[in-house]
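Here is a friendly walk through one model, taken a region at a time. Please keep the structure open beside you as you read.

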Amino acid sequence: MKVLAAVSGLMVLSTLSLYRLKVAGTLPEYPKFSSEAHRGGRGLMPENTIEAMLFTLKNHQVTTLEMDTHITMDGEVVVTHDNYLSRAFTLLPNGTEIPKEDAKKYVVYKMNYDNIKSFILGSKPYAAFPDQQQVKSYIPRLGDLIDSVQHYIKTNHKKQCFYDIEIKSTEKGDDLLHPKPEKFADLVLGVIKKKGILNYTIIQSFDKRALQYIHRKYPEVRLNYLANNDKPYETHMADLGFKPFILGSSYKGFDPEIINKAHADGVRVLTATVNSKEEIEKLKTLGIDGVMTDYPDLF
């Protein structure tokens, strides 16, 4: 019985190993340097909108579209950064400002998508990004955004881009601002698989729980652990419990030594948010594997 159990165990391991090899063999080559449009390139177009993604692909040398996701009350995966509809760049459906006292009233997780879609993006000047074009838009569903990008790539014979998609979850927000990370991840990956872009997708998060769950359930998915610069490289790896495809480090307080340590470990390094061409070139000379910027025209 012990021999049979041992053989059975080896078969399971062998099958899993073959599966991982098969998956790895099907993955397209990741860019040598990932030029990422942060939130689609919010320095030039309204953030996390379909218009931003298409404008960036049309006009700039970007390999990767970066975006954020949340879940609505009716279970839709939407592309937006904040837990609530930000009054900094969002207008009410009637075109008026969100009052200051309602700044955190419109929580994405507590609204149905049809309601969210009726709010207006892109028409209100965004003081933080004075060069941003005013283009009337809305918060899109992830699936609709992917459809629009893929249609543009196909009809214009463009090179396939990569998607860097963030799961915006925290322990404090569980069941208040978003579902628990397992459900959140399942919903996001359900859309990605349905749209057929899994091989061109990186899932990123500051929430190690989400990445640990995906690593267990979806081992074929390439992951980016967004780590703040508050701990050494080794501590971040120990906290996560496995080596991710990418370690995302904040550019604020960026330590160049992290590149050498990660590369020795077989891990890529990406940093955000870098909004100077001079700084981007400096990071390239250090051997960085990718940069996020609000201004895709810097690439």
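## Helices α2 and α4

In this predicted model, Ile 50, Met 53, Leu 54, Leu 57 and Lys 58 of α2 meet Asp 144, Leu 145, Ser 148, Val 149, Tyr 152 and Ile 153 of α4; contact here means heavy atoms within 4.5 Å. The residues of this contact divide into eight nonpolar, one polar and two charged. In that tally, Ala, Val, Leu, Ile, Met, Phe, Trp, Tyr, Cys and Pro count as nonpolar, Asp, Glu, Lys and Arg as charged, and the others, Gly among them, as polar. Helices (H or I, at least four residues) and strands (E, at least two) are DSSP runs, numbered from the N terminus.

α2 and α4 (residues 142-155) pack at an angle of about 25°, with their axes 10 Å apart. That makes α2 roughly parallel to α4. Angles under 35 degrees count as roughly parallel, over 145 as roughly antiparallel, 65 to 115 as roughly perpendicular and the rest as oblique. The axes are lines fitted to C-alpha atoms, for helices over the stretch in contact, and angles run from 0 to 180 degrees between N-to-C directions. Their crossing is right-handed, meaning that the near helix is turned clockwise from the far one by less than a right angle.

A few words on conventions: residues are numbered from 1 along each chain as its sequence is written, and side-chain values use heavy atoms, with hydrogens and water left out. As the model is predicted, local features need pLDDT of at least 70 and side-chain atom pairs count only at pLDDT 80 or more, while totals for chains, interfaces and linings use all residues.

## Thr 56 in α2

Thr 56 sits in α2 (residues 50-59) and, at 1% relative accessibility, counts as buried. Buried means under 20% relative accessible area, exposed over 50%, and partly exposed in between (1.4 Å probe, protein chains only). Leaving aside residues up to four places away in sequence, Thr 56 touches Ala 37, Gly 40, Gly 41, Val 62, Leu 65 and Pro 296. Its C-alpha atom is separated by 7.4 Å from that of Ala 37, 19 residues apart along the chain.

## Helices α5 and α6

Now to another pair: α5 (residues 181-194) and α6 (residues 208-217) pack at an angle of about 60°, with their axes 9 Å apart. They are therefore oblique to each other. The contact involves Pro 181, Glu 182, Ala 185, Asp 186 and Leu 189 of α5, and Arg 209, Ala 210, Tyr 213, Ile 214 and Lys 217 of α6. By class, this contact has six nonpolar, no polar and four charged residues.

## Nonpolar cores

Which residues have the most contacts inside the largest nonpolar core? They are Leu 142, Ile 203 and Ile 214, in a core of 77 residues. Such a core is a set of buried Ala, Val, Leu, Ile, Met, Phe, Trp, Tyr and Cys residues joined through side-chain atoms within 4.5 Å.

Met 292 is found in strand β11 (residues 290-293) and is buried, at 4% relative accessibility. Its contacts include Glu 36, Leu 270, Ala 272 and Thr 273. The peptide bond from Ala 272 to Thr 273 is cis, with omega near -10°.
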